[in-house]
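Dear colleague,

I am handing over the structure below, together with some notes on what I found when going through it. Please read them with the coordinates open beside you.

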Amino acid sequence: MKQGFWGILLAGLFLWAGSAFATEIAEMRLAEGAPGSVRFVAELTSENNPKVSRLENPARLVIDFPDVIFSPKAKSQQFGKTGFVGGVRTGMPISGTARVVLDLPKSSLTEKHFLLKPQVGQNWRFVLDLFDNAPEIIPAPAKAPVGEKGLRPFTTPPKPKKRVIVLDA
């Protein structure tokens with residue numbers, strides 16, 4: 001009986017110690033940047049190298065953080081539509097892997113991600129920037145009317161007129 005008690009106590013202690021020292025996503029942010037860009041930031045309590053992948057139909061960007069858990073604050077965060085990102089979902093598909101999914105309008109977005117070392121009083125930060133690659137559509141200039149021979153008439157801007165001041169006494 002005593003061995004069973006000590007075994008359970010020891011196993012509980014290891015589980016507690018493991019969760020107490022696991023990397024944690026402390027907080028997440030999603031914001032619009034320059035026109036056509038969105039930035040996602042996850043603050044981590046220690047260094048981690050997440051795996052970023054894409055899924056189609058519908059278009060999604062998946063970020064898997066191995067050996068990471070969500071803090072209560074990060075787990076309860078809600079995100080609405082931000083820029084062209086339709087929403088953010090979180091979960092733990094595999095024990096010990098925190099997953100963040102960004103819902104995208106299309107798969108042709110460019111993504112760039114990097115990890116920032118902590119500064120004084122800050123956590124590690126995983127930063128993901130998304131850019132819309134859509135070419136900017138510039139309307140064609142209006143065409144001048146075409147003359148009889150298929151040539152456009154040449155017009156010059158009007159010259160300023162001389163002003164004459166007349167004094168009548």
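In this predicted model, the largest nonpolar core comprises 27 residues, and those with the most contacts inside it are I25, M28, F40, F65, V85, V100 and L102. Two or more residues of this core come from each of β1, β2, β4 (60–66), β5, β7 (97–103) and β9 (124–132). Leaving aside residues up to four places away in sequence, F40 touches M28, R29, L30, I63, V100, L102, F126, V127 and L128.

As for the strands, five of them form an open sheet in the order β5-β1-β2-β9-β8, and the pairing within it is mixed. The edges are taken by β5 (68–70) and β8 (109–116), each of which has a single partner strand, so that one side of each is left without a neighbour in the sheet. From one strand to the next, the twist averages 30 degrees. Strands β1 (residues 23–32) and β2 (residues 37–44) run antiparallel and are joined by seven bridges, and A31 stands opposite R39 in β2.

The side chain of T23 makes a polar contact, at 2.4 Å, with the side chain of S46. Again not counting residues up to four places away in sequence, T23 touches L44, T45, S46, E47, N48, D67, V68 and I69.

With best regards

Terms used: Residues are numbered from 1 along each chain as its sequence is written. This is a predicted model: local features need pLDDT of at least 70, side-chain atom pairs count only at pLDDT 80 or more; totals for chains, interfaces and linings use all residues. Side-chain values use heavy atoms; hydrogens and water are left out. Two strands pair if DSSP finds at least two bridges between them. Helices (H or I, at least four residues) and strands (E, at least two) are DSSP runs, numbered from the N terminus. Axes are lines fitted to C-alpha atoms, for helices over the stretch in contact, and angles run from 0 to 180 degrees between N-to-C directions. A polar contact is a pair of N or O atoms within 3.5 Å; within protein, one must be able to donate a hydrogen and the other to accept it, and residues adjacent in sequence count only if both atoms are side-chain atoms. Contact means heavy atoms within 4.5 Å. A nonpolar core is a set of buried Ala, Val, Leu, Ile, Met, Phe, Trp, Tyr and Cys residues joined through side-chain atoms within 4.5 Å. Buried means under 20% relative accessible area, exposed over 50%, partly exposed in between (1.4 Å probe, protein chains only).
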